[in-house]
Amino acid sequence: MTADAGQREGTVVRRVNNVFWVQAGSDVFACQVRARLRKEQGSVLIGDRVTIGSLDHANRIGAIEAVASRRNVLRRPSLANVDQVVVVVAAAEPEFQPQALDRFLVLVHMSGLEPRIVWTKTDLADVGEVRGWTQRYASLGYPVAAVSARRGDLGAFPGWQIGR
């Protein structure tokens, strides 16, 4: 995908109804999807790499002209071109629900992605239970971390590529 003169390439960063915010360099444009593209492509997702045109730089508006092929798609929530997935679950308040985590992990795997798991609020849960859950998921091959804002151990992500 290469932008012609008067067009720019960017990434969809937000959607509200039928308005898509596209980050193109340091600029953000509110864009509509061309009807032709909607019929050909179907939906546009957050994370899609797009070409935008009909740009009004003063009002920061434009139109999505093309969508590049996607590396991957995550269906819940609907996202495209995802680099990594970090699943954050509470160890307590609300009570940890392993079935909910397992369902989300299946969705992530179906998208071809490798999730990481973070347990929060570990200061509110039984230490043995938290250790048991982290060991169980780690034994399945998941990178895991258990953190607590109250204890100040929020930097416990060894080897994780944060900021991607």
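**Asp 123 and the fold around it**

Let me start with one pair of atoms. The side chains of Asp 123 and Ser 148 are joined by a polar contact of 2.8 Å. Keep in mind that this is a predicted model.

Where does Asp 123 sit? It is in the loop between strand S9 (115–120) and helix H3 (127–139). The cut-offs matter here: buried means under 20%, exposed means over 50%.

Which residues does Asp 123 touch? Leaving aside residues up to four places away in sequence, Asp 123 touches Ser 148, Arg 150 and Arg 151. Asp 123 and Ala 149 are 26 residues apart along the chain, yet 8.5 Å separates their C-alpha atoms.

Now step back to the whole protein. It has three helices and 10 strands. Read from the N terminus, the order is β-β-β-α-β-β-β-β-β-α-β-α-β. The globule rule gives 15 Å for 164 residues, but the radius of gyration is 20 Å, well over that, so the protein is more spread out than a compact globule. A box of roughly 60 × 30 × 30 Å, along the principal axes, holds the C-alpha atoms.

How much of the protein is buried? Buried residues are 36% of the 164. Take the contacts with a separation of 6 or more: 59% of them are between residues 24 or more positions apart. The accessible surface is about 9700 Å², and carbon and sulfur atoms account for 50% of that. As for charge, there are 21 positive and 16 negative side chains. The centres of those two sets are 4 Å apart.

Next, some backbone geometry. Most residues other than glycine have a negative phi, and most peptide bonds are trans. With that in mind, go to the loop between strand S8 (85–90) and helix H2 (98–110), where Pro 94 lies. The peptide bond from Glu 93 to Pro 94 is cis, with omega near 10°. Glu 93 is in that loop between S8 and H2 too. Its phi is positive, near 50°, and Glu 93 is not a glycine. Glu 93 counts as exposed because its relative accessible area is 57%.

Last stop: Asn 17. What is the phi of Asn 17? It is about 55°, a positive value, although Asn 17 is not a glycine. Find Asn 17 in the loop between strand S1 (8–16) and strand S2 (19–24). With a relative accessible area of 66%, Asn 17 is exposed.

How values were computed:
Residues numbered from 1 in each chain as written. Predicted model: local features only at pLDDT ≥ 70, side-chain atom pairs only at ≥ 80, totals over all residues. Heavy atoms only, no water. Helix = DSSP H or I, 4+ residues; strand = E, 2+ residues; numbered from the N terminus. Rg over C-alpha atoms; globule rule 2.2 N^0.38 Å. Buried < 20%, exposed > 50% of the residue type's maximum accessible area, 1.4 Å probe, protein only. Contact = heavy atoms within 4.5 Å. Areas by Shrake-Rupley, 256 points an atom, 1.4 Å probe, with all protein chains shown as cover. Lys, Arg positive; Asp, Glu negative; His and termini not counted. Charge placed at Lys NZ, Arg CZ, Asp CG, Glu CD. Polar contact = N/O pair within 3.5 Å; in protein donor to acceptor, adjacent residues only side chain to side chain.
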